[in-house]
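Morning, everyone. One structure today, and a short tour of it. Have a look at the screen first.

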Amino acid sequence: MHSKGNACCCSFDECKLTTEWLMSRTRHKPKIAVVCGSGLGLLADNISNKQVFRYEDIPNFPVSTVPGHEGHLVFGHVRDKSCVFMQGRFHLYEGYSLCRVTFPVRIFKLMGVETIIVTNASGGLCQDFKVGDIMIIKDHINLPGFAGQHPLCGFGIRFPCMSDAYSKDLRKLTLDISSELGYSNFVREGVYCMVSGPNFETIAEARMLHILGSDSVGMSTVPEVTVAKHCGLRVLGLSLITNKVSLDYSREEKVNHEEVLHISKMRAEMLQKVLYTFITRSHQEEAINSS
Ligand SMILES: O=P(O)(O)O[C@@H]1C[C@H](O)[C@@H](CO)O1
Ligand SMILES: Nc1nc2[nH]cnc2c(=O)[nH]1
């Protein structure tokens, strides 16, 4: 038999088993899923009728190994909207295959989720961005994908279109909400670039990514969004700019994960306001149902 080194390692039966396990233990029927980025688990703090599962208790689920990723799957309501929040995501640099990293997205699809909101912490490359800005992701660069690290290798229908991965209508709704909340001066749109990590960028790498058109850089999101788009979910991506990436050899500041978590926690409340307003409105908006 030929070796399929890069092939998908999660079977449909596995996905089905996990979905059935969860659905037999919760009465929630979420239509919206939220993936919380580094330090952003607080986004799930104010939902009502909470039901929490620890990742290690869910069959086939990976476990979180990164500080700032709690490892809880939280079901609950934002107003009357049933949602599921991932307090903690999985990363390639943790040693998980991209199939495993994106496994929860497939579970959400099987559970009946229609919209996924993917959040992250990232470093700002765009010189206009400030620490604490919220970037609505309008597009991405899948750098690991260029090198064959791709979550769709060996899985499902090929050649999906990715030029519209981030729903235009959902981005517009988020911009409108930001403006109503008085947040326009720190909510931007931009292009997110994924690198595998776990190291932060060298200055030469950061310069290259900037020249290539990236407004921010991080170590996640793209695999989840790619799988979500592939299986027909609507996607909104929100990236919190937790640090400025150095493009200049004379800059002395050095980024570290503690600083990333600190900024995430500081800005989580604002991000939560945008998110909860979005969720409350999302299914009232005709545009969303058609996007
Ligand atoms: O899960 P996200 O993408 O929010 O985490 C970012 C990227 C690295 O995992 C970590 C670096 O501080 O934060
Ligand atoms: N690759 C990368 N990921 C991040 N996550 C948060 N900040 C950064 C950053 O500067 N670079």
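Let me start with a question: is Arg89 buried or exposed? This is a predicted model, so the answer comes from counting atoms in the prediction. Arg89 has 26 other C-beta atoms within 10 Å. The cut-off for buried is 20 or more, so Arg89 is buried.

Where does Arg89 sit along the chain? It lies in the loop between strand 4, residues 81-87, and helix 2, residues 98-101.

UniProt, in an unreviewed entry, lists a "binding site" made up of Ser38, His69, Arg89, Phe90, His91, Ala121 and Ser220. These positions span 183 residues in sequence, yet no two of their C-alpha atoms are more than 13.5 Å apart, so they gather at one spot.

Next, another listed position, Ser38. Ser38 is in the loop between strand 1, residues 32-36, and strand 2, residues 48-54. It has 27 C-beta neighbours inside 10 Å, so Ser38 counts as buried too. Which residues does Ser38 contact, beyond four places in sequence? Gly68, His69, Ala121, Val260, Leu261 and Ser264. Note His69.

Now the whole chain. The protein chain has nine helices and nine strands. Its radius of gyration is 18 Å, close to the 19 Å that the globule rule gives for 291 residues, so the chain is as compact as a globular protein of that length. Along the principal axes, the C-alpha trace spans about 55 × 55 × 35 Å. Buried residues make up 46% of the 291. And take contacts between residues at least 6 apart in sequence: 84% of them join residues at least 24 apart.

Last, confidence. The protein chain averages a pLDDT of 93. Of its residues, 94% score at least 70. For the complex, the predictor gives an ipTM of 0.99 and a pTM of 0.94. Where does pLDDT stay under 50? Over residues 286-291. For that stretch the model has 12 contacts beyond four places in sequence.

To close, back to the site. Questions, please.

Methods:
Residues numbered from 1 in each chain as written. Chains lettered and ligands numbered in written order. Predicted model: local features only at pLDDT ≥ 70, side-chain atom pairs only at ≥ 80, totals over all residues. pLDDT = per-residue confidence, 0-100. Contact = placed C-beta atoms within 7 Å. UniProt positions renumbered as here; feature names shortened; annotations may be inferred. Helix = DSSP H or I, 4+ residues; strand = E, 2+ residues; numbered from the N terminus. Buried ≥ 20, exposed ≤ 12 C-beta atoms within 10 Å, placed from the backbone. Rg over C-alpha atoms; globule rule 2.2 N^0.38 Å.
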